[in-house]
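Subject: Structure for you to look at

Hello,

Please find below the structure I said I would hand over.

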Amino acid sequence: MGDNPISPQAPRRFALLRALLLTAACAALIGFAVFSIEARPALGQDATPIPAEEPAVAPSQTLTDSAALTESAPAQSTLPQFTGVPAGGQISAPDQACRLCHGDSTDTKTLPSGELLQVGIDLAVLENSVHGSHAIAAIFCTDCHQPRQRYQFPHAENPAQTRHDFQTEIAASCQSCHVSIELHNPGHLQAQRAGTNENLPTCTDCHGGHDVGAVATMYSDPVGYCQSCHAIADMEEPQVKFAHEQFVGKLSADKNCQTCHSDQVQTQSQQCANCHGLLDTSAERTMEDGTIETLNLNVNAHDVIMSVHGDRMIDGVQYPALECTECHSDMGENGFPHPPDLLVNRAQLRTSVEVNCVRCHEDVGNQAADGIHAERAAEGELNAASCADCHGSHLILQPNVPRTRISDTCGTCHEDVYTQYRTSVHGSALYGRNNPDVPVCTDCHGAHQIDDPGTAAFRLSSPEMCGDCHGDEELMAKYDISTNVFQSYVSDFHGQTVTLFEHNSPNEPTNKAVCYDCHGVHDIQSISDASEEEIQARLLITCQKCHPNANENFPSSWMSHYEPSLEHYPIVYLVSLFYKILIPTVLGGFLLFIGSDIFRRQSDRFLRRREAKRGKKSDTNPKNDAGDAGDVGE
Amino acid sequence: MTVAESRSTEVTGKRDPADLALAPTLPNAVAHSEEELDEHILRFPIPDRIEHIITIVSFTVLATTGLPQMYSTWPPMQAAIGAMGGIETIRIVHRVAASVLILASIWHIAVMGYKIYVKRVRMTMLPGWDDVVHAVQALGYNFRITRNPPRMGKFNFMEKAEYWALVWGTGVMMVTGYMLWNPIATTRLLPGSIIPVARMAHGLEAVLAVLSILTWHMYHVHLKRFNKSMFTGYISREEMEEEHQLELELHDEGKARPMARNKENKRRRARIYVPIAGAITALLFVATFYFLTFEQTAITTVPPSSDASISVPLTPTPPQVQ
C-alpha cells in the first residue's frame, strides 16, 4: 500500500501543511504509544485486539463522543444502526488521494501469513454500498482504515500479519459509528472476547468490506450467509446438529438464523419456542437403545397460552401462563442450547414427560400410577398411555368438553372398542343425541386409576357398576327403564353367585354370567325395537355362549329381570303364593298344637301340686289320667 | 310271666284297671323276653336307626348349605357361606348330601317293600281317618274339653305327619333339585319356566322342612321328653302308655309281631322280592349317579367378555383431539 505517487490534483498548499502537521502528530503519537500498552477500548467494551498504534483519543473531527452516541442510540434497538455522523465534510475529499491510488490498482500484497490482499478496490462498488454517496453523511476511507495517521500519504506498510488481523482492525472502527454492535450478534462477540476461537468472523466477514450492503440485501440469503461458516455438517453437538437438520432449509421468508440467534434479550420460553416452533412434527429420533422413534418436536407456543395452562384463575388467584421450563425443568437448568435428552427408549421418554405432570398433579398422578396403563408401561409395553397421550402435551384442554371428547380420546388407541361403543345404545345416544346421562368410557373404567377390566375383581364388581345407573330411580324414570334389573339379577342364580364371590373372594374368577356377558360389553343394544321372538332367538344365542347344549326352551328359564307375577311367570308366582300360605298355615297348626300341649302339661302340673299341698294323693283321684301330669319334665 | 306281670303292675300303677285287666289274659305274652315286657319295647331295629342317622346327617348338611344360598343377600349368610368354603364348595357339598339322601330314600323304599311284602308287617305308618280324630281329640284334651287323651297306635298322628311331610318334602326336593341340577336336560322336556318354578319351590319347601323340624320334631322328641328310642331302638313302657296305648296293648297281646307266620311262604316271597327289588334298587342307584352327573350345564371357563381387540397400537404422541 501507498507506493503510488500522489495524485497531481491534490492541492499542494494543503498537502504541505498537512504533511507538517501530521509529521508532528505522528512523532507525538509514536512517543505516546511507546508508553501505551493497550489502546483505550473504543466503547468501553473488553479488549478487542486493537493495534498498539491506535491513538488513545480518536480524532475529534471524525468521532462523536461515544457517550453521546450511546444516548442517541437506544440499546434496545434491534438492528445495527447508523448513529454517528462523521464530520468529514470539513475537509473536502480527504480520501481523494486514497482513491487515486487504490481505485485502479490490480496489485496484490502478500501478507506474512501468505495470504493475498487486493490492493485495488472497485470504486463503483463502494459508491453503491451503504457507505457510498447514499450515505447520510460522507464516509471517508480513513473512517474505517484507522488509525488515520497511518494512512497519510504516502503511508507505510500495513503491519497486519494475517488477513484476519487486518479485518479485525477495520472491524474495530465499525464500532465508532455502530454502537449497537454491543447487542449485535452477541455470540460472535462473546466468543471473540473470550478469545477461544481464532477463526471468529469480523464485521466485514458478514457485512462485506467496500461492498458493505444494506441489511435487506444481506438478508436475501441470510441462512446461506451464516452457513458459509456454520455448515450443519460441522456441528459437533448431536442435538444441535439434529435440530438444525430439522429446520434449516424449511425456514419461511420471515425466519432466519437470527430468529433464534437473536440479538434481543429473550425469555427462556421464547428461546424454546424459537427452535421448537420450527422443529418437525414427526422427527425420526434414534434412541439410546437403537430404536428409532418418531417424535413430535414441534411446539406451537400459542398452544400453551390457549390451554388450561395459559393465564388462568384458580380459587381467585390469577396465574400467568406456564413457562416451558416449569414443566421441562431439566431443560431450564441447562439453559439454551439444552443438552440432548439421553432417552433410552420410549418407556423412558414416557416417564420423563410424566414426572413433569405429577409434580403439580400429584393426586391424579398417584391414581394413574395404580392404573392399567402404568402397569402395562412398567411391564415394558411401550404403547401404554401416559398423561400426555390422553390430555395432550401443550394444547391441554378440558378433557370432558364436549363430553364426546372423553370417548374420542380413548378411541385414539382403543379403536375397536370405540367403534363398538359408538354403535351401542349408550354411544349412539351420546353421539347422536348428545345425551348427558349415558356412560362414556371413564364412567365404567375410571379416568386415572383404570383397573384392568380382565381381572376377576373387575368382573365381579361390574354388576354394581351397571347398577349405579340402572338402579337410580330418577335417572331410569326418564327412559322408562325398570330399576329392578339389578335386584332381579342378584336374586337369580347368576347374580347370587357373583354377589357371593364378590363378597367372599373378590379376586377369584367365576364363570357365572355378569351383566355384560348377556348384554355385551361395549356393543350393548337396546331391546326396545325387537319383537318377542327376536328377543328369544337372541337370548338363545346368548345363553349358548355358556350353555352350549341349551335348546330353545332354555332361555325362558331366566326370568328376564321380571319379578314373578300373574302376568310374568305365573306358575312361579303361584308356587310362591302357595308356600306363603302353606308355611304359615302348617307352622301355625304346629305351634297351636304345641302350645296346647304345653298348656295341658303345665296346668296338670299346677293342679297336681295344689292337690299335693292339700294333702291329697293324686292317685286317689280316679279321674286323673295315668302318666299325663306326672311325666312333665320328670 | 309272673315277674313281668308284677313289674308291669308296678310301672303302670296309674293305668285304667280295665286296660290292666286285659294283660293277664293275653294268650301270646310269652312271645317277648321278660326284659322287653318289663320296661322297654323294641321300636326301631338297627337298620331303621341307621337310616335315621343318615337322614339326620344329610338333612342337616343340606339345610346348612342350602338355606344360606336361599338368603345369600343377608350378610350373616354370606359370612356363613364364606366360612364354609365359598358358594361353589357348598354347592358341591349340597349335592353330595343330596345324593346321599336320594340313595337313602331309594333304600328306604326297597326296605319298606320288603317289610310289607315279605315280612307282612302291619302298615302302622299309613295315615287314616283315625289320625284326624286323634288330632282333634288331642287338641280337645289339651284344652281340657275332653277328659281322655286319644288312644293311638304304634305311630301317632304327630309322627305320621312328620313322616309323610318328610316323604313329601324329600320328593319335592328331589324333583326340583334335579331340575336345578340339570336345567338343560329338564328344558329338553319341559318349558324353561319350570326352572324358576323349581327354584322357588325348592327354596320354600326347604324353609318349610327346616321350620317343621325346628318346631314339630324338636318339641315332640326333644323338648316334651327326650325320646331316645330312635337311637337306642327301645321305647319305655311308660312312653308307650302315654302315646301308643293301642300298640302297647297289641304288643302285650303279642299281636304286634309281623303277620307272616308261615316261614315257607315268607322264604318264597323273599325269593321273588329280593332279586327284583335288589335289581331295581341297584338300577336306581346307578341311574341316580347317571342323572346327577351326565349333564354339562355350562362351560367351565369364564365366557369371553369382548371380541374387540383391546389396544390398537398408537403413534408415539397421538394427534391431539381438538
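**What was found**

Helix 28 (residues 493-504) of chain A and helix 5 (residues 75-83) of chain B pack at an angle of about 75°, and their axes are 10 Å apart. Helices here are DSSP runs of H or I with at least four residues, strands are runs of E with at least two, and both are numbered from the N terminus. Axes are lines fitted to C-alpha atoms, for helices over the stretch in contact, and angles run from 0 to 180 degrees between N-to-C directions. The angle makes helix 28 of chain A roughly perpendicular to helix 5 of chain B (under 35 degrees counts as roughly parallel, over 145 as roughly antiparallel, 65 to 115 as roughly perpendicular, and the rest as oblique). Helix 28 of chain A contributes A:Thr499, A:Leu500, A:His503 and A:Asn504 to the contact, and helix 5 of chain B contributes B:Gln78, B:Ala79, B:Ile81 and B:Gly82; contact means heavy atoms within 4.5 Å. By class, this contact has 3 nonpolar, 5 polar and no charged residues (Ala, Val, Leu, Ile, Met, Phe, Trp, Tyr, Cys and Pro count as nonpolar, Asp, Glu, Lys and Arg as charged, and the others, Gly among them, as polar).

The model is predicted: local features need pLDDT of at least 70, side-chain atom pairs count only at pLDDT 80 or more, and totals for chains, interfaces and linings use all residues. Residues are numbered from 1 along each chain as its sequence is written, chains are lettered from A and ligands numbered from 1 in the order in which they are written, and side-chain values use heavy atoms, with hydrogens and water left out.

The 44 residues of helix 31 of chain A should span 64 Å at 1.5 Å a residue, which agrees with the 64 Å between its end C-alpha atoms (the expected span is 1.5 Å times one less than the number of residues). After helix 31 of chain A comes A:Gly615, with a positive phi near 80°.

Taken as a whole, the interface has 80 residues of chain B in contact with 81 residues of chain A. About 7200 Å² is buried between the chains, 61% of it on carbon and sulfur atoms; buried area is the accessible area (1.4 Å probe) that two parts lose on being put together, summed over both. The chains share 3 salt bridges (a side-chain nitrogen of Lys or Arg within 4 Å of a carboxyl oxygen of Asp or Glu). B:Glu242 and A:Arg601 meet in a salt bridge at 2.7 Å, N to O.

Regards
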